[in-house]
Amino acid sequence: MSILRRIAVVSRNPELHELAQEVAHDVFVADDLIEALDIVETVTPDLTVFDESHAPASIRAFLDKTNPTGSPAQAAIVAALEPTSFDEQDYTRAGVSYYLAGRENCRRLRDIALQLRDRAECSAAGAATDDFFVDDHAASVAMVGRSKATHHVLKMITLVAQSRCNPVLILGETGTGKEVAAKAIHALRHPDEPFVAVNCAALTANLLESELFGHVKGAFTGAERDKTGLCELAGNGTIFLDEISEMPLELQAKLLRVLQERTFRKVGGLKDITCTATIIASSNRHLKKEVQEKRFRQDLYYRLNICPITLPPLRSPERRDDISCLAEYFLKTSEIRPTTEGRTVSITKLALEALQKHDWPGNVRELRNVIERALLLETTDKIGLGSIVIEPPDGEDLSGSLHPARAKDFSLEKAERELIAHALHETGWQKTQAAALLGITRATLYAKVKQYNIQKHTPHGHEEHPAPARAYMPEPVAVG
Ligand SMILES: Nc1ncnc2c1ncn2[C@@H]1O[C@H](COP(=O)(O)OP(=O)(O)OP(=O)(O)O)[C@@H](O)[C@H]1O
Ligand SMILES: [Mg+2]
């Protein structure tokens, strides 16, 4: 197996190309620094190799543009097969990490690749535990995110958990992490007590009542023995009422009584039982609107709405920053592909950009699914754009789109033409960049542009079919 994922070689020397091929899965060859700039910005190689024809000053200028922070994750190396007038110091001062002089030394490329891979794995493993969370508490409940919104939500969670606020209401669209937030409150307030959850949308009124409050033997047909309800089982812990807006109206009245009196009765029972648990309710509906439409009791709404915690959608400007953090976290922690165990899986810049552009109507849950799907589809240890498959919004007409499973027009030529036009459009007609995106050589790209008569204003996939079913530009593969 190759040691590195991608190497860029800025040289016309085939000997260097061969050396690079021995250590990397994909080798991108650039004839000059201008072309190299395009390639490096497009594919972010793990290593860029220059030959002796490039003076230290030119390499310095190149690195200032491509790697201004001097990140070791994008190392540069000079492999001088032929004698040069510069020495190691000249190149090191220019920001080059390694200088290999002479044929024999150039064989050390393999050792350097191994070192770089080990270093990348170590720093990624560190990132897995360090960078995802606002603080230790967030880490202990695996509440990922460093955005302004997540900071604010965690502050609210801490305030509420440390107060006596009971009940607690958590609001937010589907998949924003309401249950995660409920568990965080529980973990702060009484971590050693039980946490019990019930989905109010999943049961009929009778079953839900018996689930919440329990029943006595003989209370109804089939009640063959006494049953303890969740309000009792929760003890001094938490009872989580998920999707409270779906609770039948008659049961809402009974819940209101629990909130006011802190007591309840089993179905068919006569004894008042005290409820000492923290009651946390969640809703992805606009509860006030439900009240206006008479589907939710107003008095219950006011009782619940003391100090609501609202989880903003992932697409909101104040939470968007969480997308990359969550994506990396799911990559590192997913167990969907057992073969990735112990290996570092990362994501390309382009794939990450595709994630950042999406609106995530299914929020964090949708993002998690997309990452897990990508882990299944991707065959290398770097998730590329080709493995990012995003579901189109409901009801969208996809006919004719490039999604292989849905295309009505099965003409390969048409698909290829659209793909090329799309890549050119995306890269602002930077042909080297577009060729790298498509995984073909520039020469092939020129030939295809001519063959299909693609012009700058040729409509591409996106314009003809507004929202694509997937980010369908393939992962770049070897050029040259
Ligand atoms: N901040 C977060 N950090 C890590 N994982 C998260 C975060 N928020 C949500 N998730 C994950 O996203 C998924 C959905 O989260 P959760 O079930 O809490 O959402 P929800 O708001 O309750 O959704 P629904 O309204 O559909 O019930 C879960 O797999 C959860 O682990
Ligand atoms: Mg939920």
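With its 15 residues, α17 reaches 21 Å from first C-alpha to last, close to the 21 Å expected at 1.5 Å a residue. Seen down the axis of α17, the buried residues fall within an arc of 120°, so they line one face of the helix. Keep in mind that this is a predicted model. Here's a quick tour of that helix, the ligand and one loop glutamate.

**Helix α17**
- The buried residues here are Asn363, Val364, Leu367, Val370, Ile371 and Ala374.
- They pack against two elements, α15 (322-333) and β16 (382-383).
- As a general point, an α-helix has 3.6 residues a turn, so residues three or four places apart point the same way.

**Around ligand 1**
- Ligand 1 has 16 residues around it, and Val144, Gly177, Lys178, Glu179 and Val364 come nearest.
- Both α9 (178-189) and α17 (363-377) supply at least two residues of this shell.
- By type, the shell splits into five nonpolar, seven polar and four charged residues.
- Domain 2 (147-311) and domain 3 (321-387) both give residues to the shell, so ligand 1 lies between them.

**Glutamate 173**
- You'll find glutamate 173 in the loop between β6 (168-172) and α9.
- Leaving aside neighbours within four places in sequence, glutamate 173 is in contact with Asn284, Pro313 and Asn363.
- Proline 312 sits 139 residues from glutamate 173 in sequence, yet their C-alpha atoms are 7.6 Å apart in space.

Notes
Residues are numbered from 1 along each chain as its sequence is written. Chains are lettered from A and ligands numbered from 1 in the order in which they are written. This is a predicted model: local features need pLDDT of at least 70, side-chain atom pairs count only at pLDDT 80 or more; totals for chains, interfaces and linings use all residues. A residue is near a molecule or strand if its C-beta atom, placed from the backbone, lies within 6 Å of it. Helices (H or I, at least four residues) and strands (E, at least two) are DSSP runs, numbered from the N terminus. Ala, Val, Leu, Ile, Met, Phe, Trp, Tyr, Cys and Pro count as nonpolar, Asp, Glu, Lys and Arg as charged, and the others, Gly among them, as polar. Domain bounds come from an automatic or database domain assignment. The expected span of a helix is 1.5 Å times one less than its number of residues. A residue is buried if 20 or more other C-beta atoms lie within 10 Å of its own, exposed if 12 or fewer, and partly exposed in between; C-beta atoms are placed from the backbone. The arc is that of the directions from the helix axis to the C-beta atoms. Two residues are in contact if their C-beta atoms, placed from the backbone, lie within 7 Å.
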